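Here is a short briefing on one protein model. Look through the sequence and the 3D view before reading on.

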Amino acid sequence: TVAAFAPNAQPATQTALSAESDRRAFLSTAAVFGAAAVAIPGAANAVVDYENISFLGGGKVVDLNNANVRAYLRLPGMYPGAAGKIVSHGPYKTVADVYNIPGLTAGEKDVIKKYEARFTTKEPAPEYTIDRINNGLYR
């Protein structure tokens, strides 16, 4: 039968009055969302002039507490083994603390010793420690 395929609802008839009501409801909802967007605070002020920026991999000395794993690419033999273990542990109070990393092999200790004079330990900065293992840069 044809009745089995017919929709149950009656076709909606829209009057000028119901269209005006729908428009007012939409505008009031949009106003609420607009006010909420204005009430959201702005982005947090990031540390733009980080005093230890040169120790994050751009210079000769690398900060063991804040530098990203990719900073060790400039030191042959450090990446990925020793570098991965360094950034996965810490923070370090002194450079010598690196030798206490569990699972550090004799070869990794030797390569760390080779570059020991090029390491420093600065106060961990949350803006940089969050990206020590994976900063999202891929080749």
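Are tyrosine 72 and phenylalanine 119 buried or exposed? Both are buried (under 20% relative accessible area; exposed is over 50%, partly exposed in between, with a 1.4 Å probe and protein chains only). This is a predicted model: local features need pLDDT of at least 70, side-chain atom pairs count only at pLDDT 80 or more, and totals for chains, interfaces and linings use all residues. Residues are numbered from 1 along each chain as its sequence is written, and side-chain values use heavy atoms, without hydrogens and water.

**The aromatic pair**
- The structure holds 1 aromatic pair (ring centres of Phe, Tyr or the six-membered ring of Trp within 6.5 Å).
- Tyrosine 72 and phenylalanine 119 form this pair, with 6.2 Å centre to centre and 55° between the planes.
- The pair is tilted (planes under 30 degrees apart are stacked, over 60 edge-to-face, the rest tilted).
- Tyrosine 72 sits in the loop between β1 (62–63) and α2, and phenylalanine 119 in strand β2 (residues 119–120), 47 residues apart. Helices (H or I, at least four residues) and strands (E, at least two) are DSSP runs, numbered from the N terminus.

**Helix α2**
- Ala82, Ala83, Ile86 and Val87 of α2 are buried.
- These residues lie on the same side of α2, because they cover an arc of only 125° around the axis (taken from the directions from the helix axis to the C-beta atoms).
- The cover over the buried residues of α2 includes α3 (contact means heavy atoms within 4.5 Å).
- Glycine 90 follows α2 and has a positive phi, near 100°.
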